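Subject: Structure handover

Hello,

Here is the structure I promised to pass on. My notes on it follow below.

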Amino acid sequence: MVLPPPNITGKLHLGHALTCTVQDVIIRRNRSFGYNVLWLPGIDHAGIATQMFHLAYKLSDRNEEIVVSTTMPETMLGDVAIAVHPDDERYKHLHGAKVVHPFRNETIPVIFDKFVDMNFGTGAVKITPAHSKIDYEVRKRHNLPLLQVIDEDGCMSEKTGKFSGMKKYFCREKILKDLNELGLLRDTVPHSMTVPICSRTGDVIEYLPKEQWFLSCTKLNKLALKALESGQLKIIPEKYSKNLYQWIEGNIDWCISRQLWWGQQIPAYKCVAGEDLVWIAASNEQEAKEEASKVLFVLPSDIIATRDTDVLDTWFSSGIYPFASLGWPDESLDFEKFYPLDLMVTGHDILGFWVHRMIILGLELTEQLPFNRIFLHGIVCDSKGAKMSKSRGNVIDPIDVINGINLNDLNSKSIEMYKNGIISKDELDKVKTYHKTNYSNTNGIPECGVDALRFTMLSSDIKSHYVNFDIHICHSNKLFCNKIWQSIKYTQMSFSKLSKLSTEITRDDLNYFDRWILSRLAHMVKTVNDSLDNYDFHLATKALRSMIYNEFCDVYLETTKPGFENGDIKMAYAHAHTLSAVLNTSLRCLAPFMIYLTHEVIPKIPGFVNNVIYNFYDNIAELHFPITEDFEFWIDKDLDTQVVKIIDTIHLIRQIKALYDMTNKIKPSVYIQTKDETFRRDVQENKLILETITRCSDLHFDIALDNKKYVRTTLSEDIEIAVELVADDISKAMLLAKAKLEKKMKKVEDYINKLEIIVSSSNYSDSVSKWTQVEDKRILSEKKQELKQLRRLITL
């Protein structure tokens, strides 16, 4: 949203600003440097400015010479002075002296300025204000003239006489030759220096004086500073406040005009009457003439009005977007209702270019801040933490993530971009290499959908400086969406099995796992609300995925199957009430992150007129968002702790069965030895559920193991698990399991060792992004925990 909608006319931009409240801070003047520097196309810049040339100028009033140092001899045609340091003993006697310009029939002064480096070259340098940022500042201090000798086409101007029309570097060679023939070229010495290069064309940027429109920010910044210091304007994260202070306190004039073929043309007219000239902001030519006549004291018909061909800086147009898009300056219901905005969200890298400009223009033109809070997110990078750019070839098109694209089409798309001039041949090669490295295994980018993409982006800590994007994580979140669909279908199927209930169901009918999942739901609702309030979206998405995927789908749904199958109608209804309430609540919490999915599936959740847990009474188009206070009742920390032991027991039994290749058809008996009476009670009360989930035949406590072979392992200090080993050749099965376990452990150990070497390297903290460091630390911790769990099985 950069440009205002089509119905907004030019009068709402510079024209309105010039004729209304900011007319006293917009000026037109020459300025060589700033945003409007020009690059010279089509010039071979190999080896540019690799030599320092020593030139000699003869003094006009004494038989003496000054050896002048320069790195750009072609610009000497625009020299207006020779500068030396006031403390340089070699030149103190030259105060007030003048030197003869070797190519212009005139003299130029010797000036004294402390900017001169006495150790650079000869200590005497030429001053060319029209083609040097530093020299331009010197010009202002010494009131020197401005002489432009290079035009916008990269050629020498008409003012350069015999050099007129020459390309810059051809002129350089000609000047060196002429100086040598005149006996003025003393020496050339290799000298490395940095020159500005256009990132798009690769050409050298040439500084030229251009008449531009400037917005003086001094007055406007005072209002912005007051709002920031008073706390009326808040930056999130707060660490970026210092960056905004720098823009506000810098008071640098803002060049708001551009010389481009596209954009919004500036509504300003150059009005000329004889030798008099004035610039007028107006909606049309006639209006400009009428206004100019009041200044030039002539009839409008005697004035020639020409509209400025420049266009507005894009940031000026976008700077007034918060209010211009709502109908300003005309009276508008939208403006009254929606302005000022509540929250501005954008990348931290355009804080100065966009946010600062919106603030100063909003305060000046509407007398209000356009927003009171600014949320700045990180720059999107690839999965390895590298900033996405064409030069790296790692740019990912969001449309390709949403719809999916195979490797051939991905490369064809890149080739088409090369043909259209969007990327270079070198960039195309890098793109192909990146595609081959990252997408060969998946034959391109798998289809992920909009919701998975949004959820993935918000799963990173977007307050950090960089936000990494991994297509594999995005695809995993698509599978998360599929999991939600499956849970809806399971709930619908379970509701269809319900028989008629003769009595009312109450909260007392909820079983152990019903109450547990409601406790986890309450924790999730609190985490999501707190995280949204603090803009910690990654904590919200983590809580949502953990609760919905790991706890609700993987555990709770499994615990309800016996209840729906064993004929206990009250238990079935208790599960149904819980399923409906948990799904409804969790998907409403998920709605801001997965808009389309939740809008589609929430109406499909079966329910009751009165749910014993929570009732939602609203329309799907305006979902009621769950709040923490409505679910705090269900939080049970002791229950949470106990169920973790139950879940760990289930996972351990499943792990042992998988290690010994026992399919779900094989139902071994399980023996548990424990001194934890609470754990014993919970297991006994939910014995049928655990046997169903683990696919075991029976579960026993404190019985002597007969001649059957059991695989023993420790869950914790006071819990031991033994699983019956069902196999034709037990000895062989144990050897195969041990070999499989050792192989898996070796793989995890190697991964840990490799990662630890990387993390402990001397240049790791400097060469790796902060996000990657955090991610490496997380992975290392998870792998060590995985290894710990595998090692406990080695005792089998």
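Among contacts in the protein chain between residues at least 6 apart in sequence, what percentage join residues at least 24 apart? The figure is 74%. Please keep in mind that this is a predicted model. The protein chain has 796 residues, of which 48% are buried, and its secondary structure consists of 25 helices and 28 strands.

Aromatic pairs

Searching the whole structure gives 24 aromatic pairs. One of them is formed by Phe 455 and Phe 593, in an edge-to-face arrangement with 6.4 Å centre to centre and 80° between the planes. Phe 455 counts as buried because its relative accessible area is 1%, under the 20% cut-off. Phe 593 is buried as well, at 2%.

Another edge-to-face pair is that of Tyr 535 and Phe 537, at 6.2 Å centre to centre and with 75° between the planes. Tyr 535 has a relative accessible area of 10%, so it is buried; Phe 537, with 16%, is also buried.

The helix contact at α14

Phe 455 turns up again where α14 meets helix α15 (residues 471–496). The two axes come within 8 Å and cross at roughly 120°, which means that α14 is oblique to α15. The crossing of α14 past α15 is right-handed. On the α14 side the contact is made by Ala 452, Leu 453, Phe 455 and Thr 456. The α15 side supplies Ile 473, Cys 474, Asn 477, Lys 478 and Phe 480.

Phe 323, Trp 328, Phe 335 and Tyr 339 form one aromatic cluster.

Positive phi

Phe 297 has a phi near 60°, a positive value in a residue other than glycine. The residue lies in the loop between α6 (285–296) and β17 (304–307). Is Phe 297 buried or exposed? Its relative accessibility is 73%, so Phe 297 counts as exposed.

Asp 661 is not a glycine either, and its phi is positive at about 55°. Its place is the loop between α20 (637–659) and β25 (670–674). With a relative accessible area of 55%, Asp 661 is exposed.

Charges over rings

Which residue lies over the face of Phe 616? That is Arg 588, at 4.1 Å from the ring centre. Lys 783 lies over the face of Tyr 751, at 5.2 Å from the ring centre.

Regards

Terms used
Residues are numbered from 1 along each chain as its sequence is written. This is a predicted model: local features need pLDDT of at least 70, side-chain atom pairs count only at pLDDT 80 or more; totals for chains, interfaces and linings use all residues. Side-chain values use heavy atoms; hydrogens and water are left out. Rings of Phe, Tyr and Trp (its six-membered ring) pair if their centres lie within 6.5 Å; planes under 30 degrees apart count as stacked, over 60 as edge-to-face and the rest as tilted. Buried means under 20% relative accessible area, exposed over 50%, partly exposed in between (1.4 Å probe, protein chains only). A charge sits over a ring if NZ of Lys or CZ of Arg is within 6 Å of the ring centre and within 35 degrees of the ring normal. Axes are lines fitted to C-alpha atoms, for helices over the stretch in contact, and angles run from 0 to 180 degrees between N-to-C directions. Helices (H or I, at least four residues) and strands (E, at least two) are DSSP runs, numbered from the N terminus. Angles under 35 degrees count as roughly parallel, over 145 as roughly antiparallel, 65 to 115 as roughly perpendicular and the rest as oblique. A crossing is left-handed if the near helix is turned anticlockwise from the far one by less than a right angle, and right-handed if clockwise. Contact means heavy atoms within 4.5 Å.
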